[in-house]
Amino acid sequence: MENIYYIGQKSDTTKTISEYDVYSFAGITGDFNYAHINEEYAKNTKFETRIAHGMISAGLISSVLGMKLPGNGTIYLNQSLDFKKAVKIGDTIKAEVEIIEIIDKKKFTILKLKTVCYNQFGEIVTEGIAQVIPPSDK
């Protein structure tokens, strides 16, 4: 079967981060760090307000990988992440993935992808590299 992926192929998703998202993530993970859930505490931090968990933006990357590119059936192998800027409640985050390398193995393909999240001002908030096994194409 012909490989349907190519270097430079991109996809993305966009989401506005809500208070509900932050509290839901805290409940799911048990991460109730005051920087995320306590506005009185957060007012005295360098951010001057609550910030979203960094892994929420990483979760948006996972959404692109699992639902768009490469899509449903993708297996995540690894992900590096650098958190560059805080995400605040109300920020709109665009998660973008781009294929930068295709590694053909005998029984499967590995895609290496650049992963970047931008806020509504076009500033990078999270970036890294992921490797995935796409849905079976062999």
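Leaving aside neighbours within four places in sequence, Asp91 is in contact with Lys15, Thr16, Ile17, Ala86 and Gln120. The model examined here is predicted. Asp91 itself is located in the loop that runs between strand E3 (82–83) and strand E4 (92–104). This residue is buried, yet no salt bridge is formed by Asp91. The nearest side chain of opposite charge belongs to Lys88, at 6.9 Å. A salt bridge requires a side-chain nitrogen of Lys or Arg within 4 Å of a carboxyl oxygen of Asp or Glu. The backbone of Lys88 is placed otherwise: its nitrogen lies 2.9 Å from a polar atom of the Asp91 side chain.

The largest pocket has a volume of about 160 Å³. Its lining is made up of 14 residues, of which Gly54, Phe83, Lys85, Ala86 and Val87 are the closest to the centre. Two or more lining residues are supplied by each of two elements, helix H4 (54–67) and strand E6 (124–133). Helix H4 gives the most, with three residues.

Eight salt bridges are found in the structure. In one of them, the side chains of Glu127 and Lys84 meet with an N to O distance of 3.5 Å. This pair links distant parts of the chain, since Glu127 belongs to strand E6 and Lys84 to the loop between E3 and E4, 43 residues apart. Glu127 is partly exposed, with a relative accessible area of 25%, and Lys84 is also classed as partly exposed, at 49%.

A salt bridge is also formed by Glu123 and Lys85, whose closest N and O atoms are 4.0 Å apart. Distant parts of the chain are again linked: Glu123 is in the loop between strand E5 (109–118) and E6, while Lys85 is in the loop between E3 and E4, 38 residues apart. Relative accessible area is 33% for Glu123, which is partly exposed, and 41% for Lys85, which is likewise partly exposed.

In the salt bridge between Lys94 and Glu96, the closest N and O atoms are 3.8 Å apart. Lys94 is partly exposed at 32% relative accessibility, whereas Glu96 is buried at 13%. Finally, Glu19, Glu39 and Arg50 are joined in a network of salt bridges.

Notes: Residues numbered from 1 in each chain as written. Predicted model: local features only at pLDDT ≥ 70, side-chain atom pairs only at ≥ 80, totals over all residues. Heavy atoms only, no water. Helix = DSSP H or I, 4+ residues; strand = E, 2+ residues; numbered from the N terminus. Buried < 20%, exposed > 50% of the residue type's maximum accessible area, 1.4 Å probe, protein only. Lys, Arg positive; Asp, Glu negative; His and termini not counted. Polar contact = N/O pair within 3.5 Å; in protein donor to acceptor, adjacent residues only side chain to side chain. Contact = heavy atoms within 4.5 Å. 1 Å grid on protein atoms, 1.4 Å probe; cavity = no way out; pocket = protein on both sides within 12 Å on 5 of 7 lines; lining within 4 Å. Points joined across faces, edges and corners; volume = space filled by probe spheres on them.
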